[in-house]
Every structure is written in structure tokens, then in C-alpha cells.
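The exercises that follow ask you to read packing and ring arrangements from a model, one step at a time. Try each task on the structure before you turn to its solution.

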Amino acid sequence: MAKEDSAVLADRLASARLQYFVGRQRELALFRRAAAGEPGAPTVVVLHGPGGIGKSALLQRFAAEAHAMGRPVVSVDARTIDRSPSAFEAATAEVFVQDNAVLLVDDFERYRDMEEWIRDRFLPRLPAGALVVVAGRLAPDPLWKADLGWSELLQVVPLRELGPADSAALLTSQGVDPASHAALLRFAAGHPLALRLAAEAAAHDNTSTDEVFWAPLRTVVDRLLTHLVGKPPSSAHRRALEVCGHVADTTEELLRVALPDEDATELFAWLRQLSFMKSGPFGVCPYDVVRDALDSDFRWRDPERYKAMHRTVRRHLVERVREAPEKEALRAAREFNHIVSRAQWLREFQGDPAEGAVHEQPMRPEDAPALIELTRRVEGEHNARVVAHWLQRQPEAFHVHRRCDTGQLLGFMAWLRIDELDDETRAADPVTAEAWDLVSAMTPPRQGEHLGVARFMVHEENHHRPSRSWDLVRMRIVFELLRAKHCAWSCFVSAEPKFWAPLMTYMGMFQPPRQTVRADRGYGLFCHDWRAARVEEWAEGIDARLLGGAPAVAAGKPKSRLTSLSREESDAAVREALRGWLDPGGLADNPLLRSRLVEDLSEGDPVTALRDLIYKAVQRLNAHPRTRHLYEVLTATYHSTSTQEAVARKLNLAFSTYRRHLARALDEVRETVWDWEVHGRIRAEQEPPQGS
């Protein structure tokens, strides 16, 4: 009776496995060809992939296929037998007494120390009609392929995530409501174990599986990390995983920056051999579901250390965007967007990886007609004429997006640099004209400054909605913002302002008041004043919001205690500062104390910072032979309580010559301070800004 019950249970288990199995059609086709003995089919198949990817389920399906074809099956689970040649021989003995047995070995990574023996001594003794499939987390030793004999008989199959259709089918087989699929699919990213755990959690979770805000229960994250990652060898290895879970790609360089006290070379070597880690052109990265689980766990487990690690990485990326060659800087901008978008609610604004890879290219002259025609189809004749206008004025501002596999044009964007507007441009592009007028009404760009405008985000398939192409738009915007010099304001023009408002607020942008009707109100403007909140302050604001959730209301123009001085105001303040040089209280009310430049230099004592600023500007005159005589005139004048006539006599100069030299010296110092204020930092030029 017990035997019959056992048989019935085994049948039910086999039936359930067949019923709930989805996907893997390519792997099944390969096995069927091999089991049928078709010419060119392999004799040994090695499956490898991270834990939970479905290796065991696929071996069980292979067993069912083999039984259906009338072939005997011998299954070995490395977890249940000793790791020794004798134990392996005993477990597989039946294969040697059958001419056409199928040997299935699971958890093959446990036989890593025996792999050479299995390859060179065990497998060659099998009957010629045998078929072997081994599955493990690690790829096989390269020596398999180095042997020309094995190269004809062996096929290595990396097991990847399920595609969108198969993932949805798995959820359906688990009884998940189709209305909840989008959220669970986004979380699991095609990983079978994650899909099953998410389906189980959704069945017992009373909260809504909203597409944007749903997040897995802690138990799901814990089970994933336990099964897929396990326990790291040391705290240093754990910290390396924490970095890897936060960034898009991990390199040795990044580990050195994030973990300065650890051996980055050893940690990187350890990361790259992990089964759930993939190597790509820009470093290593975990499977998406593993990365998200690592990041979620770290953020929940130690929020303060999470923020500290994030800030370290973010500052490094900002520096790379600002200083590295363009190709590297663009990758750093992509990484920046990745790490500041780790909050769950921000997933709504990211492209779907299932769309396929997209890359950015500079606009070529021959692309212009295609861009105009694409705009005409998507946005109409008026905007096509606007695009044509800017293609004539600023062709270098345009960047096109193409599919990596086919080269198909998907869309484009432009980053316009506006330092003035003529009547022709105002008539051609009322939207950009309104942006200029709006920011000018608040805090106008000063001489030498400009407005940067993200314009014409035109996309063939996902117009003004998230896509892989829009991810490139965000990358380009961050690149331009962080690399810009003399950028007073930036503006983002959106045809879907209500949708993008939460992201724009999160990124430190606001919608200015619009009091005039200059164009169709179907678009929105989001702005940032870079003199009120410069790069580090802007980035720190994003960091502060990273753990705070979606903003409840749209942002207004940030209040700044600082003043953006005009050129005339700056020049007057420099002269006033020189006059107050010898007076301890002479700088206390100087307008330059409220400038961004002095704020950046100050360490709690703005008066000392201003005095140091003026000193450095004056010393530049002494650093160059052509202006050294001007330095002597200036210091003799403002380091003395004597009259100007007395100073001229002391310098043995005619009074008219003295006055001319003093005026030139003042102009040089004023120009230097203004140049530093516009740049936002003191620069170390080799020559004075005007020369003499």
C-alpha cells in the first residue's frame, strides 16, 4: 500500500512540475536534439547560472522528456552524496549498465575540486550512447574547451532570466492577478525564484501591488539573499557587495574610492567569480534582482552607513563627470542617475530593460532631414520648423538615439545654450523665448553667463514617457549640467509636466510662475538657478531626499541667503573691500560677503574668506612681470593711510602716471574677482585676465 501511495505522489509531483514549468524553449530544443542523437548535437551539456535561476527545474523537465522518449534517467544531487570519486561512481553506477542512459547532475559547483577527474577519467568511460547534463552555479573550467575533442561533444549553456512573456506566464501559473503583474515583473526582472517568492508574497499581502510603489516584504528579500548570495567571507566582502548593489557597474577603481581601507584588487577578484555576477564592458554587476535585494537590505539595515557610502560614490561620480574625457564622463553621468534613482518610487521614470539597448550619437549633418521628419510625425509641422531653426543655429546641441542592434533612429534631444535671443529666434521658438524671459524676470543671467535648455525630447515610440531613450536624455542633461561653465539657469521643457513633476522636484528643479501667454500651454518648464544652489549643494539636496520618499508637493524657487551680484555691483564691492583692507570692521558689510564665491571659501568666517579672496586677486598682479608695477602701486595705496599724492611721491611717479597705474590695477583685480565669481571657484591662470 505504501508503495502505491508513493507512486501516486511521485506522479502528482511530476505532473505539477510539468504544469508549472514555463519557458526555456531553446534549452528544451537543444536537449531534445541531443536525446534524439541528431547529428551535431552535444553529448555533454553544462548549464550554469546563479541560484534560483531555474537549473533544478530544468533538469526535472529534462528527466520527464527523457522518460517520455523511453530513455533511462540517473539523477545525482551533489548536496546528498559525499564529494569523492568513489561516492560519485557509486551514485552513477547505473549509467554504465545502460546503453542510452541520461545522467543529470545538479549542484555541479560542489564538484569543483573533482571537475578534472570527472572530465578526464569519468566521462570518457561512459557508454557511447549516454547523454550527460550537469548544472551548477559556476561556468565550467576553460580546459573543457581547450581540449579539441571536448569542443565537438560539449555545449555550455548559460541560463539567463526569463523573458517578459515567460515571466508573466509563470505568475499566471501561480494564480497572480494579471493586474498585479507589472509590479512583480519589475521587481523580479525575470528571475524565476524571485518571481515565485513575489507571487507568494502578493498572495498573502493585503497592500496594493501598485505598479510604481510596490516593494517586496522583508522576508522575500531575506530569502533571496540567503539563497542567492549566502554569507560573505568577511566584513570587507560584505561592504564590497553593498557597493556593488548600489551602483550600475563596479570596478577596482570604484572599490578603492568607496572602500579606501580595503584591498580593492582582492575584493574585485572575489566579486567577479561569484555566480550571480556578470562581467560587462564597464565592470561587473549582479543580476538585477540580486542588486536590488542587496541595496534594499543595506538601506534597511544601516541607513546612516548607506547614505555615507552613497555620498562617497556620488562625489566621485560628479568629479568624473566634470573632469574626465567626454566618453568616460557620460558613463559617470549614467552612473550618477542610477545611484540617485535607487528609491522604489523612482522606478516609474526609468526605461524598461526589455526594450533592448539604445545608444547616443552626435548628430551628423545627414541626420538633419530625418530629425525634422520625425518631429513632424510626432509633434507636428510647427515644432518641425522649430527643430529646423535650431539645427541651423546650434547643430552641435543635438544628440540622436539609435538601437544598438539595428542602428534604427528612435529619437533625439537637444541641449541649447542661450546667452541672448534675437527677434528671429523669438519668433521661431516661443517656448525657448518664454524660458529666457521667465528666468530673466527672476534673476537674470549676468554678462558671460547663459541659460541651458533641454529641448526636443522627440521619441518615435514613447514620446515624453519613460524609455531607454529617455534614460539617455537624463544622462545627457546631467552631463551638460555638471560640465557647464557660466551656466546661470537650466530649464527642462516637458510635454508631460504633470507626469514628470515628482522627478523634477526630486532633482531640485521647480516650475516658475507663468504670467504671460506666449505659446501653447501644453508644455511645462522646470528650472534650476545654479547661482542659488550650485552643484555640491544641489547634489546634497538629492541625497537628503533619497530616503524621504516621493515629494508631496511641487517645489518652488529655492530661497537663497546669497546674492547674485551684477558686474557693476561686484566692481564696486571690490573697490570698497580694498578701501577697508586695514580696518578690522571695514569688510563687515561688504556685498561680496553674500556672494556664492565667498560662501564657498568660507569655513564659518566669511570676513576672513573675503580678505583672503582679495589678497589672492591682488597677488596675481605680483605673479606676472607685466603687472608687477601695478601690484606695487595698489599695495602702496591701500596698505597706507597716506594721501594718494604722498604715495605717488614715495613711488617716484608723476601723479598722472600713478593715477593711470592705480586705475589699471583696480581693473585687473575687479576682472579677476568677477571671473572667479562667474566660474564659482578660484582659477589658477598663467596670465592675468586682461594683460597689460
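**Exercise 1.** Decide whether Phe62 is buried or exposed, and then work out how the rings of Phe31 and Phe62 are arranged.

Solution. In this predicted model, Phe62 has a relative accessible area of 2%, and because buried means under 20%, Phe62 counts as buried. The next step is to look at Phe31, which is likewise buried, with a relative accessible area of 2%. By the rule for ring pairs, the count comes to 23 aromatic pairs. Phe31 and Phe62 form a stacked aromatic pair, with 4.3 Å from centre to centre and 5 degrees between the planes, and since planes under 30 degrees apart count as stacked, the label follows.

**Exercise 2.** Find which residues of the largest nonpolar core touch the most other members, and trace the contacts of Leu255.

Solution. The core holds 95 residues, and those touching the most other members are Leu255, Leu271, Phe492 and Tyr506. Helix H22 (residues 468-483) gives the largest share of this core, 9 residues. Leaving aside neighbours within four places in sequence, Leu255 is in contact with residues including Ala240, Val243, Phe268 and Leu271.

**Exercise 3.** Identify the aromatic cluster that contains Phe499, and name the residue lying over the face of Phe499.

Solution. Phe499 belongs to one aromatic cluster together with Trp345, Phe349, Trp470, Phe492, Trp500, Tyr506 and Phe526. Arg465 lies over the face of Phe499, at 4.0 Å from the ring centre.

Technical notes: Residues are numbered from 1 along each chain as its sequence is written. This is a predicted model: local features need pLDDT of at least 70, side-chain atom pairs count only at pLDDT 80 or more; totals for chains, interfaces and linings use all residues. Side-chain values use heavy atoms; hydrogens and water are left out. A nonpolar core is a set of buried Ala, Val, Leu, Ile, Met, Phe, Trp, Tyr and Cys residues joined through side-chain atoms within 4.5 Å. Buried means under 20% relative accessible area, exposed over 50%, partly exposed in between (1.4 Å probe, protein chains only). Helices (H or I, at least four residues) and strands (E, at least two) are DSSP runs, numbered from the N terminus. Contact means heavy atoms within 4.5 Å. Rings of Phe, Tyr and Trp (its six-membered ring) pair if their centres lie within 6.5 Å; planes under 30 degrees apart count as stacked, over 60 as edge-to-face and the rest as tilted. A charge sits over a ring if NZ of Lys or CZ of Arg is within 6 Å of the ring centre and within 35 degrees of the ring normal.
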